[in-house]
Amino acid sequence: QVQLVESGGGLVQAGGSLRLSCATSGRTFRSYAMGWFRQAPGKEREIVSAISWSGGRTIYADSVKGRFTISRDNAKNTVYLQMNSLKPEDTAVYYCAAGRFSMLGAEYDYWGQGTQVTVSS
């Protein structure tokens, strides 16, 4: 069993930055690819970014390329999402997930509770 706890969300003005963290329990963190997803009100959940177990491969949604950076620290069992140049359309609940390296939510076995990110215009 893997437990995930997100933190770092909040309210920020457009153009600002936030850094999300996802701390995981268990000794198997480095066995999993990690993903960040988001869901805005009235919209379906969508992939934001994913990183392989080693950190050697990453995926980004087109909407965040060049603005967001995913990283992981296997020694700390933590994955990060650095979000720069935030836009109001980035407003959503952000979830981290552990599973297989993919853009598909169905490939992830464990999910956090989510953290709210609100970007004001």
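1. From the N terminus on, the elements of the protein chain run β-β-β-β-β-β-β-β-β-β-β. That makes eleven strands and zero helices. Both kinds of element are DSSP runs numbered from the N terminus, with helices (H or I) needing at least four residues and strands (E) at least two.

2. A word on what you're looking at: this is a predicted model, where local features need pLDDT of at least 70, side-chain atom pairs count only at pLDDT 80 or more, and totals for chains, interfaces and linings use all residues. Residues are numbered from 1 along each chain as its sequence is written, and side-chain values use heavy atoms, with hydrogens and water left out.

3. On overall shape, the C-alpha trace of the protein chain spans about 40 × 25 × 25 Å along its principal axes. The radius of gyration is 13 Å, which agrees with the value near 14 Å that a compact globule of 121 residues would have. That radius is taken over C-alpha atoms, and the globule rule is 2.2 Å times the number of residues to the power 0.38.

4. Now the surface. The protein chain has an accessible surface of about 6,300 Å², and carbon and sulfur atoms own 46% of that; the areas come from the Shrake-Rupley method with a 1.4 Å probe, and for residues only the protein chains shown count as cover. Of the 121 residues, 45% count as buried. Here buried means under 20% relative accessible area, exposed means over 50%, and partly exposed is in between (1.4 Å probe, protein chains only).

5. As for charge, there are 13 positive and 9 negative side chains, and the centres of the two sets lie 7 Å apart. Lys and Arg count as positive and Asp and Glu as negative, while His and the chain ends are not counted. Each charge is placed at NZ of Lys, CZ of Arg, CG of Asp or CD of Glu.

6. Beyond its neighbours within four places in sequence, V79 is in contact with residues including L20, C22, F29, W36, I51 and I70. A33, 46 residues from V79 in sequence, is 9.9 Å away in space, C-alpha to C-alpha.

7. V93 sits in strand β9. Not counting residues up to four places away in sequence, V93 touches F37, R38, Q39, G114, T115 and Q116. R30 is 63 residues from V93 in sequence and 25 Å from V93 in space, C-alpha to C-alpha.

8. Have a look at R67, in the loop between β6 (58-60) and β7 (68-73). R67 counts as buried because its relative accessibility is 10%. The R67 side chain reaches the backbone oxygen of S85 at 2.9 Å. Leaving aside neighbours within four places in sequence, the contacts of R67 are Q82, M83, N84, S85, L86, K87 and D90.

9. S85 itself is in the loop between β8 and β9 (92-99) and, at 41% relative accessibility, counts as partly exposed. Its phi is near 50°, a positive value in a residue other than glycine. Most residues other than glycine have a negative phi. N77, in the loop between β7 and β8 (78-83), also has a positive phi, near 55°.

How values were computed. A polar contact is a pair of N or O atoms within 3.5 Å; within protein, one must be able to donate a hydrogen and the other to accept it, and residues adjacent in sequence count only if both atoms are side-chain atoms. Contact means heavy atoms within 4.5 Å.
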